[in-house]
Structure formats: structure tokens, C-alpha cells
Amino acid sequence: MKQVEADVVVVAAGTSGLAAAVTAAEGGASVIAFEKAATTGGTGNMGMGPFAVESRLQRLKQIALTREEAFKIFMDYTHWRVDARLVKAYIDESASTIDWLEKMGVEFFDPAAYFPGANFTWHIVKGPTGRPGPEVSATMIKIMTDRAKELGVRIFLQTPAKKILKEGGRIVGVMAEDKSGGTIQAKAKAVIIA
């Protein structure tokens, strides 16, 4: 059994896992990420870009939708059957997420509407061809992965986490299995399941 240790272990290196890993590493934490697939990003590689409200790009285009209006639209659409605090946090942090991605080197087209009549909240990533299209957000995933590695995040591909480790009711790490079937025990101060 291989043993490793970090301040933070991230389970899954999809879009949210990469964001968690990069953020923790930017804050000075040592980070390990376990990903069951052969590449990072998960289904985020197949998309075209993230949602945001009140981003710099929207302000440049004078798109007037506010976070409060977006929150009401979302909550009314779901008949208030979702976690309002989580929805509010997601919407409130969306513009700063676009800023954070741009600082990393991700480029976006002007905000777009996801469907006719929708608000212009879709931030489509500029891919390698310079044209919008399916899977352009793979460019964003590559930039995030490169940033994670630059910050020292250790990413274990084809290595799914199999078990959360606890001591006295406290989470202290995970057990993972590498592609050859070997066990990796990762001790951590915090575990993020993404």
C-alpha cells in the first residue's frame, strides 16, 4: 500500500474538483486529487462554458440582469423546491468565478443566451479554433489542470477513491485504487468530495 499525505484531498477532478483543488492550492494548501477517468474535467470537457450573472463581460455589454433577478427567476422556475441558500451562493459567486478563470488565462466570447428568449448568462469559452462550438470548454479544463499542476497539485488519474477514512468520527483521508489495482492511502486535514 502506497501512503501519501496532503492538507486537502479532492475526490474527483472534474470541473468542480479542479476548481476546489486550484483554490485550495492558491490558498497555500498542499493538494491531492483523485480522478477515476483517464483525464481531468469530466463532462465539463463536453460543454461550451459556464453561467454567470453580473460578470465583467456582461457589464461591458450593458446586460442589466441582476443577481437578485436571476435568483428569483431560478427559484420561481423550480417552485422554490431547491436549497435557496445554495442557489443564492452559486449565483452570487458566478461573476467572480469568471474573473478567476480569466486571470488563469481562459478567454470568453460575449455572453450569450442558452436558448431564444433567455437571459445572456452563458459565457462561452474561446477554444483553439476561435469559434464557438461543442467541447470548447475543454480548453478551460486544460488551463485549470495546468494551473493546478503549476501550483503543485498532485493529480492521480484512473485512481478512484474507494473509501472515506475516519478516526473517532472525524474524516482524515481517503483510500483510493490505482489503475493496476494497488491501494493508495491518502491522509488529509480536509476531504472535498466533488
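Leu165 lies in strand β6, residues 161-167; strands here are DSSP runs of E with at least two residues, helices are runs of H or I with at least four, and both are numbered from the N terminus. This is a predicted model, in which local features need pLDDT of at least 70, side-chain atom pairs count only at pLDDT 80 or more, and totals for chains, interfaces and linings use all residues. Residues are numbered from 1 along each chain as its sequence is written, and side-chain values use heavy atoms, with hydrogens and water left out.

Is Leu165 buried or exposed? Leu165 has a relative accessible area of 14% and is therefore buried, where buried means under 20%, exposed over 50%, and partly exposed in between, with a 1.4 Å probe and protein chains only. Apart from neighbours within four places in sequence, Leu165 is in contact with Arg170, Ile171, Val172, Gly173, Val174, Met175, Gln185 and Ala186; contact means heavy atoms within 4.5 Å. Val191 is 26 residues from Leu165 in sequence, and their C-alpha atoms are 9.6 Å apart.

Now Lys166, also placed in β6. Lys166 is exposed, with a relative accessible area of 58%. With neighbours within four places again set aside, Lys166 is in contact with Ile171 and Val172. Lys166 and Lys187 are 21 residues apart in sequence, and C-alpha to C-alpha the separation is 10.0 Å.

Next, the overall layout. The protein has five helices and eight strands. Along the sequence the pattern reads β-α-β-α-α-α-β-β-α-β-β-β-β. Taken along the principal axes, the C-alpha atoms fill a box of roughly 55 × 40 × 25 Å. Of the 194 residues, 40% are buried. Among contacts with a separation of 6 or more, 59% are between residues 24 or more positions apart.

Next slide: a helix pair. How do α1 and α5 pack? Helix α1, residues 15-26, and helix α5, residues 137-150, pack at an angle of about 35°, with axes 9 Å apart. The axes are lines fitted to C-alpha atoms, for helices over the stretch in contact, and angles run from 0 to 180 degrees between N-to-C directions. The crossing of α1 past α5 is left-handed, that is, the near helix is turned anticlockwise from the far one by less than a right angle, whereas clockwise would be right-handed. On the α1 side the residues are Thr15, Leu18, Ala19, Val22 and Glu26, and they meet Met140, Ile141, Met144, Thr145, Arg147 and Ala148 in α5. By class, this contact has seven nonpolar, two polar and two charged residues. Ala, Val, Leu, Ile, Met, Phe, Trp, Tyr, Cys and Pro count as nonpolar, Asp, Glu, Lys and Arg as charged, and the others, Gly among them, as polar.

On to the pockets. Rolling a probe the size of a water molecule over the atoms shows where empty space is left. The largest pocket holds about 1,000 Å³ of space. On a 1 Å grid over the protein atoms alone, a pocket is an open set of points where a 1.4 Å probe fits, with protein on both sides within 12 Å along at least five of seven lines, and lining residues have an atom within 4 Å of a point. Grid points are joined across faces, edges and corners, and the volume is the space filled by probe spheres set on the points. α4 gives the most, with nine residues. The lining divides into 20 nonpolar, seven polar and one charged.

Last, a few residues in and around the helices. Leu60 is found in helix α2, residues 56-60, and is exposed at a relative accessible area of 60%.

Most residues other than glycine have a negative phi. Gln62 is not a glycine, yet has a positive phi of about 55°. Gln62 lies in the loop between α2 and α3 and is exposed, with a relative accessible area of 71%. His79, not a glycine either, has a positive phi of about 55°. The loop between α3 and α4 holds His79, which counts as exposed at 58% relative accessibility.
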